[in-house]
Amino acid sequence: MYQELYADISQACCAITVFEDDEVVSEGTGFTINAEGQILTAAHVALGQWPVDLKKYADRNTKIIAKLPGIPEYECQLAIAGLEIRVTAFSKPIWIDFAALVPSNALPAPVPFLRSRILSPKLGEEVFVAGYSEELEIPFGVDKLLRRDVPGAADFYKAMSRGYLADMTGPLIKRGVIGNSHGVYAQDSASGRTISCEIIFIDNGMNPGASGGPVVNSEGEAIGIITKRAITSAAQGADPSLAIPSGCTIAISLHPLLAASRDTP
């Protein structure tokens, strides 16, 4: 029933790995939005930090690697690194967990992509969420069984650290329904710039690693970006701060693209 839709989502979802020198500092998901390989993802995936500290990020020697299924990895650069709004009455800035990446060099061939649409979702609408969730396992647990002293093991583990899970498993895709959606509107006190977006709650839970993945409607259009799992209190007398995942996924709509395009020279 959904074979073609699932295939389109799988081919356009990329595993994202962020390195600082040779150390992995962030892993997550993104999705391509055109044949040139430009990517949307969550800012905390691309930056390897949350909340955002752009000065700290600029001081780090980072490299962003994107890996699509069946296509060689490619390095990316940040085009949009989160969107900041400062409101005089607030004690700290508001950051929209939204990032865009562009290939550092032109890709040798077009890549699969998802059509993206700036659209407010409807309550009760069926959607699909996808990402390289930690729920995924390499068949037979090869990544845990392979001895590091055998020939080729070093190359295998290096590939796994650079997103080649995409070739071995592809992303995990789940179906859900929009259970809640509400608009957020903010204006920067200094510049007057405004940003609006929809905060979307989907009644199916994705796990760490899926952040930055797409929310796709039944037409095959990407309409949102996964940002985090919803959390609910499980407070007990011994631990009043205890919280657990609620079973829902939180995403944002693509409306911040409008604000980002206005900021682009």
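Predicted model: local features only at pLDDT ≥ 70, side-chain atom pairs only at ≥ 80, totals over all residues.
**Group meeting: cores, barrel and one buried glutamine**

The largest nonpolar core has 51 residues. Those with the most contacts inside this core are Ile9, Ile16, Ile39, Phe98 and Ile225.

Let's take Ile16. Leaving out residues up to four places away in sequence, Ile16 touches a run of residues that includes Ser26, Glu27, Gly28, Thr29 and Gly30. Ile39, Thr41, Val45, Ile64, Ile65 and Leu101 are also among its contacts. There is another core, apart from the largest one. That other core has 11 residues, among them Val129, Ile178, Ile200 and Ile226.

Now the sheet. Six strands close into a barrel. The order is β1-β2-β3-β6-β5-β4, and the pairing is antiparallel. On average, neighbouring strands are turned by 40° against each other, direction ignored. Helix α1, residues 3-12, packs on this sheet. Helix α1 touches β1, residues 13-20, and also β2. The direction of α1 makes about 20° with that of β1.

β2 covers residues 23-32, and β3 covers residues 39-41. They pair in the antiparallel sense, over three bridges. Where does Gly30 find its bridge partner in β3? At Thr41.

Last stop, Gln49. Gln49 sits in the loop between α2, residues 43-47, and α3, residues 54-58. Is Gln49 buried or exposed? Buried: its relative accessible area is 12%, and the cut-off for buried is under 20%. Not counting residues up to four places away in sequence, Gln49 touches His44, Leu54, Tyr57 and Arg60. Gln49 and Val25 are 24 residues apart in sequence. In space, C-alpha to C-alpha, Gln49 and Val25 are 8.6 Å apart.

Notes: Residues numbered from 1 in each chain as written. Heavy atoms only, no water. Pairing = 2+ DSSP bridges. Helix = DSSP H or I, 4+ residues; strand = E, 2+ residues; numbered from the N terminus. Axes fitted to C-alpha atoms, helices over the stretch in contact; angles between N-to-C directions. Contact = heavy atoms within 4.5 Å. Buried < 20%, exposed > 50% of the residue type's maximum accessible area, 1.4 Å probe, protein only. Core = buried A, V, L, I, M, F, W, Y, C linked by side-chain atoms within 4.5 Å.
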